[in-house]
Amino acid sequence: MAPFLFITDLDHTLVGDDDAMMQLNQHLSRHRDEYGTKIVYSTGRSPSLYQELLSEKPLLSPDAVVTGVGTGIYYDGSTVPDRLWYDQLNPGWQRDRVLAVTNLFADLEPQPEDEQNDYKASFFLDAAIAPDLLPQIEASLRAEGLQVNLVYSGGEHLDILPQGANKGLAMVFLRQQWNFAPERTVACGDSGNDLSMFHSGAERGIIVGNAMAELRDWHDENPSPNRYLATSHCAAGILEGLGYFGFLQLNG
Ligand SMILES: [Mg+2]
């Protein structure tokens with residue numbers, strides 16, 4: 001067996017079925033010890049909400065954590081973010097000017113201060129009006145010359161990110177840092193903010209069986225042999241996918 005880069009979303013992907021997660025943890029932990037596989041969590045959570053989850057669930061210590069939908073990268077349990085990653089986020093990012101535009105949209109309700117950071121402006125946006133409003137918001141930002149990534153997820157969260165930030169770009173950054181081939185990289189997710197990890201290239205993707213329609217519909221419309229839609233939910237779906245792609249030998 002050879003090492004691989006394992007990247008997973010947390011809420012409703014890795015986390016959601018404790019028994020299945022313990023089983024997956026055993027496989028991944030053994031693979032890391034024996035072959036040097038790397039484990040990365042990629043979450044919409046802020047560093048503080050991630051710490052909260054650590055106190056609630058028996059997660060493995062990851063080799064890196066990507067927080068805030070790709071706006072922070074932390075290695076080996078450190079609380080000091082990777083400065084190199086910020087160098088990639090800075091070009092063209094003007095958060096104040098983004099907020100000047102979003103202030104014009106009364107339907108955008110800012111998320112709590114804890115969920116904001118220097119590289120992200122986050123809002124609640126009702127799913128019923130999102131399809132109409134998102135193109136308008138995007139057009140207004142472009143009209144101001146602002147190049148950003150709009151990530152809508154969970155049927156309620158809108159994150160406006162620097163052009164250089166999202167979960168998919170963070171995945172590619174780590175893959176290159178650690179010299180993993182795309183074919184030896186696998187990402188797992190359940191919702192809209194995971195989508196950027198699934199359309200980058202030859203990286204493998206696992207969509208868990210409980211995935212939201214916003215991700216599932218996109219997958220149906222953009223099928224790829226590099227992506228697997230599991231029938232099992234959460235960590236059981238991840239295991240199913242890792243077996244499907246041959247990253248783990250699950251029989252015997
Ligand atoms: Mg999730």
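The structure is a predicted model, and the protein in it has eight helices and 11 strands. An assignment of domains divides the protein into domain 1, which is made of residues 5–87 together with 165–244, and domain 2, which covers residues 92–162.

**Overall form**

- The radius of gyration of the protein is 18 Å, and this agrees with the value near 18 Å that a compact globule of 252 residues would have.
- When the box is taken along the principal axes, the C-alpha atoms of the protein fill roughly 60 × 35 × 35 Å.
- Of the 252 residues in the protein, 42% count as buried.

- The C-alpha centres of domain 1 and domain 2 lie 24 Å apart, and 14 residues of domain 1 are in contact with 14 residues of domain 2.
- On the side of domain 1 that touches domain 2, the residues fall by class into three nonpolar, 10 polar and one charged.

**Strand pairing around strand 6**

- Strand 6, which runs over residues 121–124, pairs in the antiparallel sense with strand 5, residues 109–110, and two bridges join them.
- Within this pairing, Pro 110 has Phe 123 of strand 6 as its bridge partner.
- Strand 6 also pairs in the antiparallel sense with strand 8, residues 157–162, this time over four bridges.
- For Phe 124, the bridge partner in strand 8 is His 157.

**The largest nonpolar core**

- The largest nonpolar core holds 61 residues, and the members that touch the most other members are Phe 6, Val 40, Val 186, Ile 206, Val 208, Ala 235 and Ile 238.
- Helix 8, which spans residues 234–244, gives the most to this core, contributing six residues.
- The core draws at least three residues from each of the two domains, domain 1 and domain 2.
- Val 208, named above as a member of the core, is in contact with Thr 13, Cys 188, Asp 190, Ala 230, His 233, Cys 234, Gly 237 and Ile 238, once its neighbours within four places in sequence are left aside.

Technical notes
Residues numbered from 1 in each chain as written. Predicted model: local features only at pLDDT ≥ 70, side-chain atom pairs only at ≥ 80, totals over all residues. Pairing = 2+ DSSP bridges. Domains from an automatic or database assignment. Contact = placed C-beta atoms within 7 Å. Nonpolar A, V, L, I, M, F, W, Y, C, P; charged D, E, K, R; others polar. Rg over C-alpha atoms; globule rule 2.2 N^0.38 Å. Buried ≥ 20, exposed ≤ 12 C-beta atoms within 10 Å, placed from the backbone. Core = buried A, V, L, I, M, F, W, Y, C linked by C-beta atoms within 7 Å.
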